[in-house]
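Subject: Structure for you to look at

Hello,

Here is the structure I said I would pass on. My notes on what was found in it follow below.

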Amino acid sequence: MQNPTFQTFLSRFYKTPKGLSLLNDEKLLLERSLEKVFGYYLLQLGISCEDDLVQNSRVSRKVFADAIRPSHLSSEKVQAFVLTDLNYLPFKDDSIDAVLLPHTLESVSDPYHLLRQVDKMLVPEGHVLITGFNPFGCHVIRQKFGENSQIFKRANLVKESRVVDWLNVLGYEIQKISYSSLSCVTKDIENYQPSSFLLILEHWMDKVGLDLGNVYCIVARKKVGSPTPVGLNWRFAPWQTVKKGRVIANSEVHHRSSSVNDKKTS
């Protein structure tokens, strides 16, 4: 089940000073993460803001998909838009080079189901980029108990570690996990200079594995298994020898081989 209310809320929230601060952090994370993502088709599932999150991507053709077409999304701004239910994506298997999910897992009731669909449409060695709110981020906690508490509590805020577990189950290689800066204040990204104390604190927290940034970004690559050789005469190992519906133990095979060799010698 899809919850487009959260995506619609983010479009309005990102226009406020608090929301714009979080959006600027997210755009910075995506800009650094998209540098090494290549291909012919990039698909963005879910539109959470009016800004173009993939404008710095090197992928040649960009496609957007969501359950609701935003009013700000004109044909001049996008190359292609697909109106679809995110639970039933109409894309061919092995057809997309990269997929961006900007807070999209937070707006569906079954995030793992969505990831399985993404896995099917991605080409081998394709990339998936996921952004989300850290449930333990200072800004996020303030929103959960502030004026937007009902919206944030209904959203499916998924921890970064849980998303990584899902990707590992699907066989993905986690290439990069990045967090926004640790801050509880609204800031202008152009003039913001973190204090030396804050930088030291972030460095120490990164060393001990504590990430309290408000926004995270995960970059993962779809791994493919090694090709299966064709045309070779594969045989079972001796301990897997099958005869008349039963498995012959290795000791029995060794005993029979010894008996045959003794007869040949005699």
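Among contacts between residues at least 6 apart in sequence, 67% join residues at least 24 apart. Please keep in mind that this is a predicted model. The protein has 266 residues, and 44% of them count as buried. Its accessible surface comes to about 15300 Å², with 54% of that belonging to carbon and sulfur atoms. In terms of secondary structure, there are 8 helices and 9 strands.

The sheet

An open sheet of 7 strands runs in the order β3-β2-β1-β4-β5-β7-β6, and its pairing is mixed. The edges are taken by β3 (80-83) and β6 (172-179); each has a single partner strand, so one side of each has no neighbour in the sheet. On average, and ignoring direction, neighbouring strands of this sheet are turned by 20 degrees against each other.

Strand β1, residues 41-45, is mostly covered, with 4 of its 5 residues buried. β1 runs parallel to strand β2 (residues 61-66), and 5 bridges join the two. β1 also pairs with strand β4 (residues 96-102), again in the parallel sense, over 3 bridges.

D66

D66 is located in strand β2. Is this residue buried or exposed? The relative accessible area of D66 is 6%, and buried means under 20%, so D66 is buried. D66 and V82 are 16 residues apart in sequence, while their C-alpha atoms are 6.7 Å apart in space.

Helices on the sheet

Helix α2 (residues 17-33) lies across β4, β5, β6 and β7, and runs at about 25 degrees to β7. Helix α3 packs on the sheet as well, touching β1, β4, β5, β6 and β7, and its direction makes about 150 degrees with that of β5.

Which residues of α3 are buried? They are P111, L114, L115, Q117, V118, D119 and M121. These buried residues pack against β1, β4, β5, β6 and β7, and also against α6.

The α3 and α6 pair

Two packed helices are described by the angle between their axes and the distance between the axes. For α3 (residues 111-121) and α6 (residues 160-169), the axes come within 11 Å and cross at roughly 40 degrees. That angle makes α3 oblique to α6. The crossing of α3 and α6 is right-handed. On the α3 side the contact is made by P111, Y112 and L115, and on the α6 side by W166, L167 and V169.

Regards

Terms used:
Residues are numbered from 1 along each chain as its sequence is written. This is a predicted model: local features need pLDDT of at least 70, side-chain atom pairs count only at pLDDT 80 or more; totals for chains, interfaces and linings use all residues. Side-chain values use heavy atoms; hydrogens and water are left out. Buried means under 20% relative accessible area, exposed over 50%, partly exposed in between (1.4 Å probe, protein chains only). Contact means heavy atoms within 4.5 Å. Accessible areas come from the Shrake-Rupley method with a 1.4 Å probe; for residues, only the protein chains shown count as cover. Two strands pair if DSSP finds at least two bridges between them. Axes are lines fitted to C-alpha atoms, for helices over the stretch in contact, and angles run from 0 to 180 degrees between N-to-C directions. Angles under 35 degrees count as roughly parallel, over 145 as roughly antiparallel, 65 to 115 as roughly perpendicular and the rest as oblique. A crossing is left-handed if the near helix is turned anticlockwise from the far one by less than a right angle, and right-handed if clockwise.
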